[in-house]
Amino acid sequence: MDKVQALELKLDTLIQQYQQLAADNQVLREQEGLWQQERQRLIKNNEIARSRVETIINRLKGINPDG
């Protein structure tokens with residue numbers, strides 16, 4: 001194998017690696033988007049739960065123990 005063929009082989013290998021990395025990167029970006037959506041959903045649910053708990057606490061505080 002001469003130097004040109006060796007260089008072509010190395011170049012082909014680099015191109016394949018680049019294509020694989022680009023595909024992997026795309027998958028990771030899509031997963032990141034899904035995780036961000038899930039995070040926002042969890043934050044919203046946490047805020048709803050916190051609000052409900054605060055409402056219950058305020059209602060309990062408002063109960064007059066003397067009847």
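Leu28 is exposed, its relative accessible area being 52%. This residue is found in helix α1. The model described here is a predicted one.

**Overall form**

The protein has 1 helix and 0 strands. Its C-alpha trace spans about 100 × 10 × 5 Å along the principal axes. The radius of gyration is 29 Å, whereas a compact globule of 67 residues would have a value near 11 Å. Leu28 and Gly62, 34 residues apart along the chain, have C-alpha atoms separated by 50 Å. For Ile63 and Gln16, 47 residues apart in sequence, the C-alpha to C-alpha distance is 71 Å.

**Surface and burial**

What share of the 67 residues counts as buried? The share is 0%. Buried here means under 20% relative accessible area, and exposed means over 50%. The accessible surface of the protein comes to about 6700 Å², and carbon and sulfur atoms account for 56% of that surface.

The table lists relative accessible areas for several residues discussed in this report.

| Residue | Relative accessible area | Class |
|---|---|---|
| Leu28 | 52% | exposed |
| Glu38 | 29% | partly exposed |
| Arg41 | 40% | partly exposed |
| Leu60 | 53% | exposed |
| Ile63 | 53% | exposed |

**A nonpolar patch**

Which residues form a nonpolar patch on the surface? They are Ile56, Leu60 and Ile63, and together they have about 310 Å² of accessible area. Leu60 belongs to helix α1, while Ile63 is placed in the segment after α1. Leu60 counts as exposed because its relative accessible area, 53%, is over the 50% cut-off. Ile63, also with 53%, is classed as exposed on that criterion.

**Charges and the salt bridge**

Side chains of opposite charge can pair when their charged atoms come close. In this model the count comes to 1 salt bridge. It joins Glu38 and Arg41, with the closest N and O atoms 2.7 Å apart. That pair qualifies because the separation of 2.7 Å is within the 4 Å cut-off.

Where do Glu38 and Arg41 stand relative to each other in the helix? Both are in helix α1 (residues 3-62), and they are 3 residues apart, so about one helical turn separates them.

Terms used: Residues numbered from 1 in each chain as written. Predicted model: local features only at pLDDT ≥ 70, side-chain atom pairs only at ≥ 80, totals over all residues. Heavy atoms only, no water. Salt bridge = Lys/Arg side-chain N within 4 Å of Asp/Glu carboxyl O. Helix = DSSP H or I, 4+ residues; strand = E, 2+ residues; numbered from the N terminus. Buried < 20%, exposed > 50% of the residue type's maximum accessible area, 1.4 Å probe, protein only. Patch = residues over 30% accessible without salt bridge, like charges linked within 9 Å, V, L, I, M, F, W, Y side chains within 5 Å. Areas by Shrake-Rupley, 256 points an atom, 1.4 Å probe, with all protein chains shown as cover. Rg over C-alpha atoms; globule rule 2.2 N^0.38 Å.
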